[in-house]
Amino acid sequence: MLEVKKLSKSFYLHLLNKKIDALKDVNFEVFEGEFLAILGKSGSGKSTIVKCIYGTYKPSTGKIIYEGFDISKAKERDILRIRESIGYVSQHFIVNPRIRVIDAAVEPIARRNDAYDKAHELLKMFNIREELYDVYVSTLSGGEKQRLNIIRAIIKEPKLLILDEPTTYLDVSSREILKRYLKKVKRTGTAIIGVFHEFDILDELADKMIILRNGCVAYYGDYDAELCHDLIREVS
């Protein structure tokens, strides 16, 4: 489903006249129904990878082949079309704060006849109270905003789901709901790329893993619980 070949990304700091290499020669594949965990210390390039895949960042070099299409060379209108089958949960909440909760949930599938029914189903599943559906997003707590972030990503029933530290503001109950959902969609063929720090989620769901060090791949292969736990303890 997704193949990343020799992906590199650099940023140029004009004020300092300095180039920063965020990613260097990254290679990996993700197949239908697989969960790929991305691990590494802060600043190792984890978020840069997922932003390149989603088309937020343009790679400096390399290819990102998603279902036969090279995202790295795509024009903006093509990226918008590709995103219809990709769900993305970022570390930061980016929805317009002056929009109703129900409308924010519906927005990714607004053209579907069953959009509001699907939104109500997911809002209920993630325990967002019905009296909040008509309030502005700005009134939600951090945890409620993150749950809404997740709902907006999964309401599309994506073929590829990208999760960049989605559990940061979630309580134990919400993490369990997310974990059950991920198990379910894996069985139906959804590919998942995730940046997580929870042993239980990774141990139960991850098939493969990448460890990044200074933008380079230090390990890529089958999920190794011991290696994963050691790294998470190191960065915690």
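Asp25 is partly exposed, because its relative accessible area of 45% falls in the range between buried (under 20%) and exposed (over 50%), as computed with a 1.4 Å probe on protein chains only. The model is a predicted one, in which local features need pLDDT of at least 70 and side-chain atom pairs count only at pLDDT 80 or more, whereas totals for chains, interfaces and linings use all residues. Residues are numbered from 1 along each chain as its sequence is written, and side-chain values use heavy atoms, with hydrogens and water left out.

Asp25 lies in strand S2, which spans residues 18–30; strands are DSSP runs of E with at least two residues, numbered from the N terminus. Although Asp25 is not a glycine, its phi is positive, at about 55 degrees. A positive phi is also found at Asn214, likewise a residue other than glycine, where the value is near 55 degrees. Asn214 is placed in the loop that links strand S9 (208–213) to strand S10 (216–222), and it counts as exposed because its relative accessible area is 63%.

With a disulfide defined as a pair of cysteine sulfur atoms within 2.5 Å, the count for the model comes to 0 disulfides. Cys216 accordingly takes part in no disulfide, the nearest cysteine sulfur being that of Cys52, at 14 Å. Cys216 is partly exposed, because its relative accessibility is 30%, while Cys228 is buried because its relative accessibility is 0%.

Notes. Helices (H or I, at least four residues) and strands (E, at least two) are DSSP runs, numbered from the N terminus.
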